[in-house]
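Subject: Structure handover

Hi,

Here is the structure I promised to pass on. Have a look first, and then read on for what turned up in it.

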Amino acid sequence: MNQDIHIPALARVEGEGALTIRLKDGAINEILLNIYEPPRFFEGFLHGRYFQDVPDITARICGICPVAYQMSSVQALEAALQVTITPDVRLLRQLLYCAEYIESHALHIYLLQGPDLVGYESAISLAADAPDLVKKALRLKKIGNDLLKTIGGRSVHPVNTCVGGFYRWPAQDAIHALIPELEWARQASIDTVKWATTLNYPDFEQDYEFIALSRLDEYAIYDGYIVSSNGKRTPPEEFEKHYLETHVERSNALHSHTVDNGTYFVGPLARLNLNYKKLRPIARQAAKDIGLKLPLRNPYKGLIARAVELVHSCDLAIELANDYQPQGPSFKEIKLRPGEGYGVSEAPRGLLYHRYVVDEQGLIRFARITPPTAQNFAQMEADLWALAPTVVNLPQEEASLSFEHLLRSYDPCISCATHFLKLRIDRE
Amino acid sequence: MNNLSDGAGDEPSGTIKIIGIGQSLRGDDAAGLAAVQLWQQTYQVRNVQPNVQVELTELPGIGLLSLLEGAKVAILVDAVYSGARVGTIHELTENQLEVFNNEAGTAHGWGVAETLSLGRKLMPSALPGKLILIGIEAGQLTLGEMLSLEVETALPEVARLIEQHVSMELLHD
């Protein structure tokens with residue numbers, strides 16, 4: 001590599017990303033990762049809106065993880081308005097989250113990161129040589145989308161979730177009808193874990209601080225306490241005291257760091273490393289069968305963590321679907337009152353934090369949304385610096401791809417279009 | 001906001017699907033949604049025809065394949081970038097789409113061309129035999145903005161084009 005690298009932003013919707021790497025005297029001089037973040041816009045957009053519009057609006061931040069945005073927002077608003085949801089609502093929200101994990105993880109494993117690790121340019125070129133593999137991915141993703149649609153009303157941006165519960169209970173027979181496909185998905189996920197061991201992961205391990213939600217009684221996705229691999233435990237309402245965001249001049253995005261100014265890593269690796277024992281037994285068995293050793297400190301192996309979580313999500317979804325028998329009203333009536341509330345859940349990409357202030361008329365007076373990609377941002381840059389010495393002597397195209405592969409392993413918001421990005425190399 | 005649907009499911013045979021793609025909170029990105037909605041309002045007779053179905057979807061990505069499944073003909077209406085004058089209407093067949101996409105592209109993540117290409121490879125018999133893309137050249141895609149005047153002005157012509165295609169397909173039915 002003897003020239004600067006610039007991967008420019010293109011028109012897209014999930015977020016826009018650009019990476020520029022500048023050389024000086026043959027060595028890396030500057031790494032600029034710039035990700036444009038729609039959530040920041042939505043914080044302003046929500047100001048003055050009625051609280052019940054928030055789940056629908058925030059679901060539009062991301063086409064891949066709308067449920068996560070809904071789940072963190074409704075929990076924050078329910079805390080602000082002092083509403084306690086029923087156990088049946090919580091179970092259905094967990095099932096809805098399973099749907100999102102299935103469709104999001106299937107997409108990332110097979111169609112976004114998978115092609116990198118088997119040496120294909122994209123899922124389309126992979127489909128030419130391994131059509132059954134890509135068909136399996138599409139079927140898995142469709143099962144997630146179908147479940148999402150059955151509960152949420154639509155397969156891309158669900159509209160059934162509301163503050164206090166759901167607008168209506170999905171029909172029991174419609175949920176039960178999905179079980180045979182979910183059973184197929186569970187077996188396909190176990191096969192995916194095995195397949196994941198056959199991939200070529202770059203040899204790249206770092207000493208990360210992992211942050212994830214945790215619970216004593218379940219693998220925390222819907223809610224939980226914030227825990228760190230260094231032993232720190234933080235209640236959701238204190239998140240902003242311990243995990244700070246600072247503006248970086250060159251970037252539109254805020255960079256997150258711990259209060260001690262360290263970088264940290266959220267997402268499937270963090271969840272698996274911190275909460276492995278809480279996985280469903282069948283997911284633990286799948287991990288055991290491939291001889292998985294924890295902690296995983298290789299970001300590319302986030303794919304393995306996703307595969308294990310796919311087994312967990314399918315298995316949990318089957319149980320929740322089988323037991324689905326909602327009783328009583330699907331939502332709680334809400335009395336307007338001024339208040340402030342916090343909500344944290346685990347989006348497929350990692351911890352997603354929301355905070356809202358609501359006034360006496362139910363209007364939003366303040367919104368704070370801290371997405372997982374923003375929290376991983378500083379860690380991604382640190383990893384690019386760590387990777388740089390090993391790729392600086394590679395041919396230009398190969399070096400560029402190495403950086404791209406590393407970024408894609410994080411499944412950042414930009415990843416849904418990364419294969420859409422065209423590489424441009426500056427020739428200065 | 002709750003009037004959007006992506007109703008993939010069992011379709012009557014010979015279904016013509018009109019799919020508007022775009023984001024309602026992002027300036028000209030909403031052009032496809034707005035054009036299909038205008039067509040629905042202008043040609044209300046189509047609303048009761050069981051073999052004419054409308055989908056309004058924000059970020060379908062690869063989910064577009066599910067929306068297309070089972071349809072005989074699909075008309076996709078979407079915002080595009082090609083460097084042409086804002087509000088320009090592009091009428092393309094699927095064959096032209098890939099060429100078009102090399103130089104431009106729709107504004108949606110997993111591009112329409114990319115998704116169709118994958119679908120044609122993997123599930124050719126499930127996809128519509130005929131696919132028409134109507135692209136509307138976008139100007140600003142600013143979050144929270146309305147459609148630009150140029151795109152707004154182009155919408156009646158896009159609605160007329162959609163109706164022209166629908167009528168022709170119904171005649172052939």
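Over all chains, the structure holds 26 salt bridges, a salt bridge being a side-chain nitrogen of Lys or Arg within 4 Å of a carboxyl oxygen of Asp or Glu. Before the details, some ground rules: this is a predicted model, where local features need pLDDT of at least 70 and side-chain atom pairs count only at pLDDT 80 or more, while totals for chains, interfaces and linings use all residues. Residues are numbered from 1 along each chain as its sequence is written, chains are lettered from A and ligands numbered from 1 in the order in which they are written, and side-chain values use heavy atoms, with hydrogens and water left out.

One of the salt bridges pairs A:Arg139 with A:Glu181, with 2.8 Å between the closest N and O atoms. A:Arg139 sits in helix H6 (residues 131-152) of chain A and A:Glu181 in helix H8 (residues 179-196) of chain A, so this pair ties together parts that are 42 residues apart in sequence. (Helices are DSSP runs of H or I with at least four residues, strands are runs of E with at least two, and both are numbered from the N terminus.) A:Arg139 is partly exposed at 35% relative accessibility, and A:Glu181 is partly exposed at 33%. On that scale, buried means under 20% relative accessible area, exposed means over 50%, and partly exposed is in between (1.4 Å probe, protein chains only).

A:Asp223 and A:Arg215 also meet through their side chains in a salt bridge, at 2.8 Å from N to O. Here A:Asp223 is buried, at 16% relative accessible area, whereas A:Arg215 counts as partly exposed at 23%.

Over in chain B, the side chains of B:Lys130 and B:Glu169 form a salt bridge at 2.7 Å, N to O. B:Lys130 belongs to strand S5 (residues 130-137) of chain B and B:Glu169 to helix H5 of chain B, so the pair ties together parts that are 39 residues apart in sequence. B:Lys130 is partly exposed at 38% relative accessibility, but B:Glu169 is buried, at 5%.

There is a network too: salt bridges with shared partners join A:Glu43, A:Glu240, A:Glu340, A:Arg355 and A:Arg368.

**Two helices in chain B**

Helix H1 (residues 31-42) of chain B packs against helix H5 (residues 149-172) of chain B at an angle of about 60°, their axes 8 Å apart. That angle makes H1(B) oblique to H5(B). Which residues of H1(B) meet H5(B)? They are B:Ala31, B:Ala34, B:Ala35, B:Val36, B:Leu38 and B:Trp39, and their partners in H5(B) include B:Leu155, B:Ile162 and B:Glu163.

**The chains as a whole**

Chain A has 14 helices and 13 strands, and 64% of its 428 residues are buried. Chain B has five helices and five strands, in the order β-α-β-α-β-β-α-α-β-α along the sequence. Buried residues make up 60% of the 173 residues in chain B.A few terms from the helix part: axes are lines fitted to C-alpha atoms, for helices over the stretch in contact, and angles run from 0 to 180 degrees between N-to-C directions. Angles under 35 degrees are roughly parallel, over 145 roughly antiparallel, 65 to 115 roughly perpendicular and the rest oblique. Contact means heavy atoms within 4.5 Å.
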